[in-house]
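Have the sequence and the 3D view open side by side, and let us walk through them together. We will go from a pocket to charged pairs and then to aromatic rings.

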Amino acid sequence: MLSTPWSSSFGLRVPIVNAPMGGVAGGRLAAAVTAAGGLGMVGMGSVATRESLHAELRHVRGAFGIGLVDWVMRNEAGLLEDALAARPALLSVSFGTDWSWVGKARDAGIATATQVYDAEGARQAAGAGVDVLVARGAEGGGHGDVKLATLPLLDTVLDAVSVPVLAGGGIASPRSLAAVLAAGASGAWVGTRLAACPEALTGDGSRRALIAAGATDTAITRVFDVAKGLPWPARFPSRVLANDFVARWTGKEEVLDRSACDELAAATAADDRSIAPVDAGQSVSMIGDDASVGEVIERMCAGAESLLTAWGRRA
């Protein structure tokens, strides 16, 4: 079975961790990833509450992790404490620069992770005591800095730190998984491919849109965050499926009016993805179907193992 020193030491059968995508990575998805041999993460996104965390934790089974957004964690009193009390195997907190949460997790005996986007950010996180870094490249879906693509970023981060590094962004196939492992990643942080699985919280309209999308059908924008009044830092735009709302309003966020915001709210409620957002990375064209989490992880890992084994024989 495919493994790395980090994944084996963490008790995983395969070096796969699902990205803790808000509104997508609930307890059922986390349980399915863990059952398939990886580490399932419950994602608390932009609108996380203590109640929503507890609701999703009821569905986890076996080992699991929790992913928090830094500024949401700080605005929702008690969210960090509840996450620590749940005793996850891994706590991921990203999109912030205050590292005080790391010591609290360490005191609770919980391993920590955070996303990084350059060498300096990697060194700061490792220096703060973060156990595992996620080199999240610009190809990735959802929020993140878009400085570097995954492989150049992975190179940069691996040169900068000695802690385990997971690669995220554009990993959805045996080839992409084999590539980041061969480059030295300790595992893969997989998001978009798992968002279409039936165990995800993804709605039917979003799932159909993900399956139908091509590799060039994504766009980077802040328009949805601005329209919803979410205080995401400008350095963290979101990669989504391009749609009518993105085309009309990206670059014109300052003149978004009430009618546009009302249109977005109505479309979201109706699951109309020609207007409402669907987070998706550039690996979206690799989805093709709504296979289960177990099937997706088995295909990716078996295929990557065959590729790496064949390469080793040729070498």
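First, a word on the ground rules. This is a predicted model, in which local features need pLDDT of at least 70, side-chain atom pairs count only at pLDDT 80 or more, and totals for chains, interfaces and linings use all residues. Residues are numbered from 1 along each chain as its sequence is written, and side-chain values use heavy atoms, with hydrogens and water left out.

Let us begin with empty space. Rolling a probe the size of a water molecule over the atoms shows where such space is left. On a 1 Å grid over the protein atoms alone, a pocket is an open set of points where a 1.4 Å probe fits, with protein on both sides within 12 Å along at least five of seven lines; lining residues have an atom within 4 Å of a point. The second largest pocket has about 270 Å³ of space, the volume being what is filled by probe spheres set on the points. It is lined by 17 residues, and the closest to its centre are Gly96, Thr97, Tyr117, Gly121 and Arg235. Strand β5 (111–116) and helix α7 (119–127) are the elements that give two or more residues to this lining; helices (H or I, at least four residues) and strands (E, at least two) are DSSP runs, numbered from the N terminus.

Now pick out Arg235 and turn to charges. A salt bridge here is a side-chain nitrogen of Lys or Arg within 4 Å of a carboxyl oxygen of Asp or Glu, and the structure holds 13 of them. Arginine 235 makes one with aspartate 145, with the closest N and O atoms 3.0 Å apart. Arginine 235 lies in the loop between α12 (223–228) and β11 (238–241), while aspartate 145 lies in the loop between β7 (142–143) and α8 (150–160), so the pair ties together parts that are 90 residues apart in sequence. Aspartate 145 also forms a salt bridge with lysine 147, at 4.0 Å between the closest N and O atoms. How is aspartate 145 classed, buried or exposed? At 9% relative accessibility it counts as buried, where buried means under 20% relative accessible area, exposed over 50%, and partly exposed in between (1.4 Å probe, protein chains only). Arginine 235, at 42%, is partly exposed, and so is lysine 147, at 47%. Together with Asp118, these residues form a network of salt bridges: Asp118, Asp145, Lys147 and Arg235.

Glutamate 120 and arginine 123 meet at 3.6 Å, N to O; they are 3 residues apart in α7, so about one helical turn separates them.

Rings of Phe, Tyr and Trp (its six-membered ring) pair if their centres lie within 6.5 Å, and planes under 30 degrees apart count as stacked, over 60 as edge-to-face and the rest as tilted. By this rule there are 7 aromatic pairs. In one of them, tryptophan 99 and tryptophan 101 have ring centres 6.4 Å apart and planes at 40°, so the pair is tilted. Tyrosine 117 and phenylalanine 236 make another tilted pair, 5.7 Å centre to centre with 45° between the planes. This pair links distant parts of the chain, 119 residues apart, and both of its residues are buried. Ring pairs also join Trp71, Phe95, Tyr117, Trp232 and Phe236 into a cluster.
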